[in-house]
Amino acid sequence: MKWVLAFIILAMAGVSEAAIKVVTSLPDLADLARQVGGDKVSVDYIVRADQNPHFVEVKPSYMMKLKSADLFLTIGMELEMWAPQIVDGSRNASLTVVDLSQGVTKLEVPAKVDASQGDVHRFGNPHYWLDPRNVRPMMDEIVSALTKVSPADEKTFRANADAYLLRLGVKIQGWEAMMKPFAGQKIVTFHKSWSYFANWLGLDIAGEVEPKPGIAPSPTHSAELIALVRSAGIKAILVEPFYDLSAPEQIARATGAKVTVLPTSSGGLDQTRDYISLIDYDVATLASSLKQ
Ligand SMILES: [Zn+2]
């Protein structure tokens, strides 16, 4: 009996020691970490797909998630303005915070930081994960962060990342082919979440429902957008699932453009359970709005 107990305790200790504990801000990063880490990692995340990643209410449960974590993977560029507070609150001196934006070519980096530009994006647009070509530099950071925790597994992490990137590369070709007929089309978006996505697919973002990033819609700005949507013949207004639909619907009613709700993170819908199915869903949904 004693031997059996000792064995069970040792086996349990073995399991908990083996896994690198990774927490990520977004569910998409959790998916990428699982792809790279495989059975060497246990992964959890903080922001749900139906939450605005800029504005997350700091909760003790988030600090608890980080308390015993080895790595906290973030988008960086101040997307997660709430992150320093939960990192401090976790009181985990051995936690490494990883900024996945390091190898990414950044868009909309302001020449100088100016409060009149709105509340967010002062280090450039942080929504780079919606261009799937940016998964490569993100995964490179994940490989190197995991390797620092477990150097013996470096080859496994690299091989897992390369296998995923190969699979993703095939998907990227398919998405580009599907969107090719719409290249050059103008769209309106609610927030500047879609700059990298539009840049990748050759779409032209003519305006945002927000007058400035993080600033709520105003009647004056919506009136200007109605005139723009009419004159440019814009067919789609992209809205993230966590924004109020009243201003976009008002613009749509006045113009005939279609309000197109597109998730920016995976895990909110049955069809968007991981990163690849998220982009699948967004590309197919947008294509059907632009076809009309
Ligand atoms: Zn933003």
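This is a predicted model: local features need pLDDT of at least 70, side-chain atom pairs count only at pLDDT 80 or more; totals for chains, interfaces and linings use all residues.

Modeller: Residues are numbered from 1 along each chain as its sequence is written, and side-chain values use heavy atoms, with hydrogens and water left out.

Colleague: What is the order of the four strands in the open sheet?

Modeller: Strands of a sheet pair through backbone hydrogen bonds, either parallel or antiparallel. Strands here are DSSP runs of E with at least two residues, helices are runs of H or I with at least four, and both are numbered from the N terminus. Two strands count as paired if DSSP finds at least two bridges between them. The order in this open sheet is β2-β1-β3-β4, with parallel pairing. Because β2 (41–45) and β4 each have a single partner strand, they stand at the edges, and one side of each is left without a neighbour in the sheet.

Colleague: Which bridges hold β3 in its place between β1 and β4?

Modeller: Three bridges link β3 to β1 (residues 20–24), with V22 opposite L71. Four bridges join β3 to β4 (residues 96–99); in β4, L71 has T96 as its bridge partner and L73 has V98. Between β3 and β4 the chain passes through helix α4 (residues 83–90), a right-handed β-α-β crossover. Right-handed means that, with the strands pointing away from the viewer, the path from the first strand over the helix to the second runs clockwise.

Colleague: Which way do the side chains of β3 point?

Modeller: In a regular strand the side chains alternate between the two faces of the sheet. In β3 (residues 71–74), L71 and L73 point one way and F72 and T74 the other. All are buried, that is, under 20% relative accessible area with a 1.4 Å probe, protein chains only.

Colleague: How much area do domain 1 and domain 2 bury between them?

Modeller: Domain bounds come from an automatic or database domain assignment, which gives domain 1 as 2–173 and domain 2 as 176–291. Buried area is the accessible area (1.4 Å probe) that two parts lose on being put together, summed over both. The two domains bury about 2,800 Å², 59% of it on carbon and sulfur atoms. In domain 1, A49, L107 and L130 lose the most area to domain 2, together 21% of what that side buries.

Definitions and conventions
Buried means under 20% relative accessible area, exposed over 50%, partly exposed in between (1.4 Å probe, protein chains only).
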